Amino acid sequence: MNTVGISNELHQLLAGSNVNVQLSVPQLVETVLKRNEAILTSTGAVSAETGKYTGRSPKDKYIVEELVFKDKIDWGPVNQPISEDTFANLYNKVINYLKQKKELFVFNGFAGADAQHRLPIQVINEYAWHNLFAHQLFVRPNDEELLGHQAEFTVISAPGFKADPLVDGTKSETFIIISFERRTVLIGGTEYAGEMKKSVFSIMNYLLPEAGILPMHCSANVGREGDVALFFGLSGTGKTTLSADPSRKLIGDDEHGWSSNGVFNIEGGCYAKTINLSREKEPQIFDAIRFGAVLENVVVNPDTRVADYEDGTLTENTRAAYQLQAISNIINPSVAGHPNAIIFLTADAYGVLPPISKLSKEQAMYHFLSGYTSKLAGTERGVTTPEATFSTCFGSPFLPLPATRYAEMLGQKIDENNSRVFLVNTGWTGGEYGTGSRMKLAYTRAMIQAALEGELNNIETIQDGIFGLEIPLHVPGVPDEFLQPIKTWSNQAAYTEKATELAEKFKDNFKKFSNVSDDIKKLGGPTI
Ligand SMILES: Nc1ncnc2c1ncn2[C@@H]1O[C@H](COP(=O)(O)OP(=O)(O)O)[C@@H](O)[C@H]1O
Ligand SMILES: C=C(OP(=O)(O)O)C(=O)O
Ligand SMILES: [Mn+2]
């Protein structure tokens with residue numbers, strides 16, 4: 001076996017296995033096709049299907065309850081405890097399972113584009129296409145970095161290994177378990193590649209705050225003047241779509257750290273939704289899907305091998321994974337200065353939040369902690385229509401520490417850097433989900449452009465009567481009446497009723513933040 005780059009313990013455990021370490025992208029593509037794990041498509045990308053699991057399984061995600069970490073983790077439905085024994089038992093079973101495979105695939109690289117703050121990681125895969133995904137999504141080492149590479153965290157993904165809940169102490173056949181003590185993520189039972197990247201993100205959400213760095217579930221790009229913008233949002237709210245902007249260089253589409261030097265990407269690639277993807281609306285993403293890219297659950301014509309992005313038969317959560325370099329205007333390495341503008345994206349299925357509004361400092365903190373949005377179909381198992389949710393910090397599924405820890409850091413950083421904050425509704429307008437329609441992407445882009453270019457700094461605004469948000473009266477390229485939700489509803493009483501219902505939900509949800517300052521409680525939320 002080629003043992004270069006395998007940690008000692010694993011080396012012993014996997015002795016005798018045929019381990020392919022650090023295959024190149026062409027080698028991986030070749031292997032994926034040879035093993036019939038995926039098919040080649042007309043653009044040169046490969047396309048894989050993941051069977052039963054086409055989105056994340058949050059209910060099957062655990063953190064091992066280890067003494068040193070026990071008091072730090074925010075235990076609950078997101079961070080479910082699992083015992084050390086349960087983990088050890090599953091770990092051994094997974095290793096034994098992997099040893100029986102004809103070949104395995106290993107990627108050595110980093111989480112974190114900033115050399116000062118990165119985490120050396122190792123990803124061990126049963127499937128070659130998952131290893132190709134790891135190559136695209138994580139930060140690749142150069143030759144010199146590879147020589148000195150010493151993994152500090154290992155991700156083991158064995159989708160073909162299914163747990164037996166009765167014996168193994170899991171809830172289902174699927175498990176995603178993080179052990180901070182053994183510095184390992186163990187994944188079994190699911191083929192959805194997103195689990196690998198999001199579990200590494202969860203690890204970084206634990207490790208970075210200890211180093212004084214704020215980890216963020218956001219995309220980021222930089223303008224001609226070097227001005228940095230962040231786009232926070234839960235899945236499907238537009239982080240990837242809106243950060244791909246021909247007039248701004250992409251830093252990253254999903255996970256970033258904010259240190260005392262500025263922001264850096266945690267990843268080396270993007271994971272774009274491809275449902276209804278068109279070259280006309282999203283040219284950069286469309287063109288990134290070429291050789292080396294991995295399509296997931298996209299329906300492909302078996303003869304022409306043309307991908308049909310309109311087809312959501314397998315899932316709404318169809319995806320493409322590609323390295324950042326597949327986008328033409330990126331910043332490399334993915335490191336930039338402090339954010340000038342911060343945008344909170346929310347896909348409001350009630351259709352009552354303004355398409356863009358300016359937030360005061362208190363409102364920014366209130367909305368960051370609230371993290372109101374809708375879970376959109378597909379990304380999590382079982383969600384088939386938009387579901388209103390409050391996801392603290394716009395990323396609660398990935399936060400091992402209490403939300404207030406991240407919020408305090410954000411508040412301080414916004415103060416220090418005078419970053420402007422906007423709330424952008426990329427969800428529904430003219431009525432709630434079902435009667436209204438999804439916000440037009442071209443309008444959202446126009447509003448974001450205006451915000452980032454400073455055009456909304458000193459303009460006339462009107463205060464929303466229910467949420468207290470400052471709504472601009474005019475935005476270039478967007479009809480005035482579109483800016484105020486009440487004007488987009490045909491029945492204004494119905495609007496008020498729905499908006500009030502949502503405002504009450506905000507207030508109920510915020511009750512759990514008892515330690516938050518009175519200013520944020522009084523000035524941040526709905527005014528009714
Ligand atoms: N107004 C809008 N703003 C942003 N995205 C929109 C809008 N209308 C429709 N969409 C679609 O919503 C999806 C947003 O998903 P994505 O950018 O991948 O979200 P995230 O990266 O936050 O998970 C894309 O498929 C995009 O085409
Ligand atoms: C990959 C995911 O994130 P996003 O939809 O934000 O890209 C996910 O939540 O599984
Ligand atoms: Mn995304």
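1. Let me start with the record. The unreviewed UniProt entry lists Arg56, Tyr192, Lys198 and Arg319 under "binding site"; such positions are given in the numbering used here, feature names are shortened, and annotations may be inferred rather than shown by experiment. They span 264 residues in sequence, yet no two of their C-alpha atoms are more than 14.3 Å apart, so they gather at one spot. Arg56 sits in the loop that links β3 (46-48) to β4 (61-64); helices (H or I, at least four residues) and strands (E, at least two) are DSSP runs numbered from the N terminus.

2. A word on the basis of these notes: this is a predicted model, in which local features need pLDDT of at least 70 and side-chain atom pairs count only at pLDDT 80 or more, while totals for chains, interfaces and linings use all residues. Residues are numbered from 1 along each chain as its sequence is written, and chains are lettered from A and ligands numbered from 1 in the order in which they are written.

3. Which residues are around ligand 2? They are Arg56, Gly194, Lys198, Ser235, Gly236, Lys239, Thr240, Asp254, Tyr271 and Thr379, where near means a C-beta atom, placed from the backbone, within 6 Å of the molecule. Helices α8 and α9 (239-243) each contribute at least two residues to this shell. Its classes are 1 nonpolar, 5 polar and 4 charged (Ala, Val, Leu, Ile, Met, Phe, Trp, Tyr, Cys and Pro count as nonpolar, Asp, Glu, Lys and Arg as charged, and the others, Gly among them, as polar).

4. Why does ligand 2 lie between two domains? Domain 1 (8-32 + 55-213) and domain 2 (215-268 + 333-519) both give residues to its shell, so it lies between them; the bounds come from an automatic or database domain assignment. That assignment also gives domain 3 (270-325). The centres of domain 2 and domain 3, taken over C-alpha atoms, are 25 Å apart.

5. Do look at the open antiparallel sheet, whose 4 strands run in the order β11-β15-β16-β22; strands pair if DSSP finds at least two bridges between them. β11 (214-216) and β22 (335-336) stand at the edges with a single partner strand each, so one side of each is left without a neighbour in the sheet. Between β11 and β15 (residues 256-259) there are 3 bridges, and Leu214 stands opposite Trp258 in β15.
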